[in-house]
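Subject: Structure handover

Hello,

Here is the structure for your files. Please open it next to this message; my notes follow below.

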Amino acid sequence: MAIITQKAAQAVGAPVRVKAVDPTGSYIVLMHPDGTVIRAPDTGSEDASQSEPAPAYTPAHVERRRAEAPPAPAPEDDEPRWWRGDDLPSQKAGAGPSSLTAVSSANAESTDPQSAAVPTPAEPTPAEPTGAERTAEPTPDEPTAAPPTPAEPTSGDRTAEQRSAVSTPTGRTAEPAPAEPTPAEPASAERIAVQTPTASTLAAPAPAPSTPTAVHPPAAPAPAEPPPAEPPPAEPPPTGPRHSRKSFIAAAPSVSPAQLGFRGLLTKAGISTKPSPAEQALRSDVRMVSQHWPGPRTIAIANGKGSANKTPTMVCLAAVFGRHGGTGVLGWDNNETRGTAAWRTQQGPHRSTALDLLPHCNELLGTSAQAAQLAAYVHHQVEDKFDVLWSDQSIAGEHEISGEEVDAVHRVASKYYRLILMDSGNNERASNWRAMIRHADQLVVPCTNVEDTAEAGARMLEALIQRDGHSAQLARNAVAIVSQRTPGKDPDMDRIAHGFEDLVRRVVTIPHDPALYSGVIRFDSLQPATQRAWLAAGAAVAEGL
């Protein structure tokens, strides 16, 4: 409080009246800007009549007490000791008032030291030697008027003033804090007003000379130090295990024992035997056709020549994918007129076709539609586990399905089926045929050992390469399936198969099987060699999906 009072006196440039209270009574004293404390003249107040004379503290007392006092220990934290008050000694009897309350003589407003920022404590420095004029002790009869303002000291004098110690009424010296830049001083007429102490005024040390001096504007502040460079970001902690360990789950054998042929008999007898190369190829093809893809896939089966085995190819491939990969496979007869898929597949409990489905496309695309509703329009193949959508079977009908209608039906099929195999007619210029090519992800070109079917398929591939980028990609990635229509050895089979090798990605041959050319096609009715050939054809198609 003594430091705050002295700061207030320095700010106004005149002594400040202070009320001191101790067990013997209360006193009204004057705190001069140089730290001298004298008793105020008796004004007739009750406190003045009952108080005892207050001892005066001069710079000589301060110097003596500073020499006798031991060095103060370093503070334990960032809070200054003079703020906490734990470095002030207990008041001795008769040493003076125990507490001081600063009262403004101009407007009687008290200041709150806690509202100011706390300055950073600095190391104590030796006090400036005092002159002869500082030994003179003022008497209580001194007037309270502000002394005249002396000439402005030089920069060296201001440095000495900042380094001088601050005296307190108890005789202790407070450690001065480093000076901080303060705003410009007001005019001399405005200095008489009492100012609230701020962080800069609290931190400024007491002046060394005994004669009062005017408060001068501080020197220009030092340039601010650049902010410290940010440390590099710390590396994230490893998220994986600290060490690798061997799993407790036993690893399955890379190849299961043989199940077919003589090796399969040995396995059943308890003798584990590796499968033959033929059985390993069979397992590889089964895995290929059993997989599911992210999103629906469409396979177009096309050849511009009739009797090229397009419908049997659609039925057998759909059976391979349905039997091994599960449900979700649709065989669609995308013929603009009457197709033959209705003759070669099992009929459901109705005779609905694609034209019957068209009026209900928007309903089936709605959020409340259910997959079971499609059973009213498709024909389920019980043994082979796929559905068939017939083309229009009316002889007297005049409506031919258009490309826009193919788009609508394909949106419904893509919602409810994972794999769509589209049979086609013979008109490569029809809009529904072009729409099929536009939706296709894989192209299959069926033909037989009859020369004209192979030639029609080859010319279709050449035309697709010249049409657009998507059609060209389909043609280069196509799979040609050559079926032997006549029994016996036919040299044209090898010649046609080799002729397609330069046009497509894969070529697969299918042996002759009477079950493919009469009646409803059931996969179980095919010969084992034919079934194996269609499984290889399905695996070749699946590679392109």
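Start with Pro41. Pro41 sits in the loop between strand 3 (37-39) and helix 2 (46-50). Helices (H or I, at least four residues) and strands (E, at least two) are DSSP runs, numbered from the N terminus. Pro41 has 37% relative accessibility, so it counts as partly exposed. The classes are buried (under 20% relative accessible area), exposed (over 50%) and partly exposed (in between), with a 1.4 Å probe and protein chains only. Ile28 lies 13 residues from Pro41 along the chain, and their C-alpha atoms are 8.4 Å apart.

A word on the source. This is a predicted model, in which local features need pLDDT of at least 70, side-chain atom pairs count only at pLDDT 80 or more, and totals for chains, interfaces and linings use all residues. Residues are numbered from 1 along each chain as its sequence is written, and side-chain values use heavy atoms, with hydrogens and water left out.

Confidence next. pLDDT is the predictor's confidence in each residue, from 0 to 100. The protein averages 75, and 62% of the residues score at least 70. Contact means heavy atoms within 4.5 Å.

Now the whole protein. It has 18 helices and 14 strands. Of its 545 residues, 42% are buried.

Two helix pairs are worth a look. Two packed helices are described by the angle between their axes and the distance between the axes. Axes are lines fitted to C-alpha atoms, for helices over the stretch in contact, and angles run from 0 to 180 degrees between N-to-C directions.

- Helix 9 (residues 310-325) and helix 18 (residues 528-543) pack at about 80 degrees, with axes 9 Å apart. Helix 9 is therefore roughly perpendicular (65 to 115 degrees) to helix 18. The contact includes Phe321 of helix 9 and Trp534 of helix 18.
- Helix 15 (residues 451-467) and helix 17 (residues 491-500) have axes that come within 11 Å and cross at roughly 0 degrees. The two are therefore roughly parallel (under 35 degrees). Residues that meet include Glu451 and Leu461 in helix 15, and Arg495 and Phe500 in helix 17.

Best wishes

Note on methods. Parallel < 35°, antiparallel > 145°, perpendicular 65-115°, else oblique.
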